[in-house]
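Please look over the sequence and the model shown here before reading the notes that follow. They begin with the chain as a whole and then turn to its sheet, its helices and some single residues.

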Amino acid sequence: MSYQQHFSMGSGSRPPRRNFEFGRTCVVRPQAKHQATIVWLHGLGDNGSSCSQLLENLPLPNVKWICPTAPTRPVALLGGFSCTAWFDVGEISEESPDDWEGLDASAAHIANLLSTEPADVKIAIGGFSMGAATALYSATCAAFGRYGNGNAYPINLRAVVGLSGWLPGSSSLRSKVEGSHEAARRAASLPIFVCHGTSDDVVPYNYGEKSAQCLSTAGFRNLTFKSYEG
């Protein structure tokens, strides 16, 4: 399955909008009564198929898993080498500029995958590494009720999981949430689970820990952070 979406960052001297071609989406069907659907997002350079092969063995018979594949694009972190990536990233740090256009495109694609789920089914987003960063960004979009580009966020997200990731846009999150009563209300009610390995040599542990602290400080009160040795 492929999916195309265009995003405009506005008029003036901004760069032209980019076209994002998403890869194949794999689905793991529930083995019992369908109660929840989770979009699971792979890490940098991976794909939805490898995730689905792992998830289909989990003892969660009431969950439907949707495993999309990110667009293949040049990634600055890899010296411009092209691979599957939910957004472009130059370095994993709090000072690194965020690719808002890429983040919005991926968050919108994920929301679109969940938009046709039955009304009585709980919907959630989870991910690993860069997938976790995208899932946590989706959590902020759900709280604000809109993407970074101002378009409305269309789904009622019920939970978010981030494994070994980080939070894009962490520096400005608190002020944005505190500036909106509705955003604060939605942030406080959204369950988020964040975990990280203490010896992670790709996304350092302190980035995961700081991301959880940032979310909590910004008003995401229903957040659990767990660290794992190794």
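**Briefing on the chain**

Of the 230 residues in the chain, 48% are buried, where buried means under 20% relative accessible area, exposed means over 50%, and partly exposed lies in between (1.4 Å probe, protein chains only). This is a predicted model, in which local features need pLDDT of at least 70 and side-chain atom pairs count only at pLDDT 80 or more, while totals for chains, interfaces and linings use all residues. Residues are numbered from 1 along each chain as its sequence is written, and side-chain values use heavy atoms, with hydrogens and water left out.

**The whole chain**

- The chain holds six helices and 11 strands; helices (H or I, at least four residues) and strands (E, at least two) are DSSP runs, numbered from the N terminus.
- The radius of gyration of the chain is 17 Å, which agrees with the value near 17 Å that a compact globule of 230 residues would have; this radius is taken over C-alpha atoms, and the globule rule is 2.2 Å times the number of residues to the power 0.38.
- Along its principal axes, the C-alpha trace spans about 50 × 40 × 35 Å.
- Carbon and sulfur atoms account for 50% of the accessible surface of the chain, which comes to about 11,100 Å², as given by the Shrake-Rupley method with a 1.4 Å probe, where for residues only the protein chains shown count as cover.
- Among contacts between residues at least 6 apart in sequence, 72% join residues at least 24 apart, a contact being heavy atoms within 4.5 Å.

**The sheet and its helices**

- An open sheet of mixed pairing is formed by seven strands in the order β3-β5-β4-β8-β9-β10-β11, and two strands count as paired if DSSP finds at least two bridges between them.
- The edge strands of this sheet, each pairing on one side only, are β3 (26-28) and β11 (223-228).
- From one strand to the next, the twist averages 15 degrees; axes are lines fitted to C-alpha atoms, for helices over the stretch in contact, and angles run from 0 to 180 degrees between N-to-C directions.
- In general, strands of a sheet pair through backbone hydrogen bonds, either parallel or antiparallel.
- Three bridges join β3 to β5 (residues 63-67) in the antiparallel sense, with Cys-26 opposite Cys-67 and Val-27 having Ile-66 as its bridge partner.
- The strands β4 and β5 run parallel and are joined by four bridges, and Ala-36 stands opposite Val-63 in β5.
- Helix α1 (residues 48-55) packs on the sheet, where it touches β3, β4 (36-41) and β5, and its direction makes about 160 degrees with that of β5.
- Helix α6 (residues 205-218) lies across β10 (192-197) and β11, and runs at about 165 degrees to β11.

**How strand β5 is covered**

- Because five of the five residues of β5 are buried, this strand is largely enclosed by the rest of the structure.
- Both faces of β5 are covered, with Val-63, Trp-65 and Cys-67 buried on one side and Lys-64 and Ile-66 buried on the other.

- Val-28 lies in strand β3 and counts as buried because its relative accessibility is 12%.
- Leaving aside neighbours within four places in sequence, Val-28 is in contact with Ser-52, Glu-56, Val-63, Lys-64 and Trp-65; the C-alpha atoms of Val-28 and Trp-65 are separated by 4.9 Å, although these residues are 37 residues apart along the chain.
- Gly-148 lies in the loop between α3 (130-144) and β9 (159-163), and it counts as exposed because its relative accessibility is 52%.
- Leaving aside neighbours within four places in sequence, Gly-148 is in contact with Asp-104 and Tyr-137, whereas Gly-148 and Pro-30 are 33 Å apart, C-alpha to C-alpha, and 118 residues apart in sequence.

**Cysteines**

- A search of the whole structure finds zero disulfides, a disulfide being a pair of cysteine sulfur atoms within 2.5 Å.
- Cys-67 is in no disulfide, and the nearest cysteine sulfur, that of Cys-51, is 5.6 Å away; with 0% relative accessibility, Cys-67 counts as buried.
- The sulfur of Cys-141 is too far from any other for a bond, because the closest cysteine sulfur, in Cys-214, is 14 Å away; Cys-141 is also buried, with a relative accessible area of 2%.
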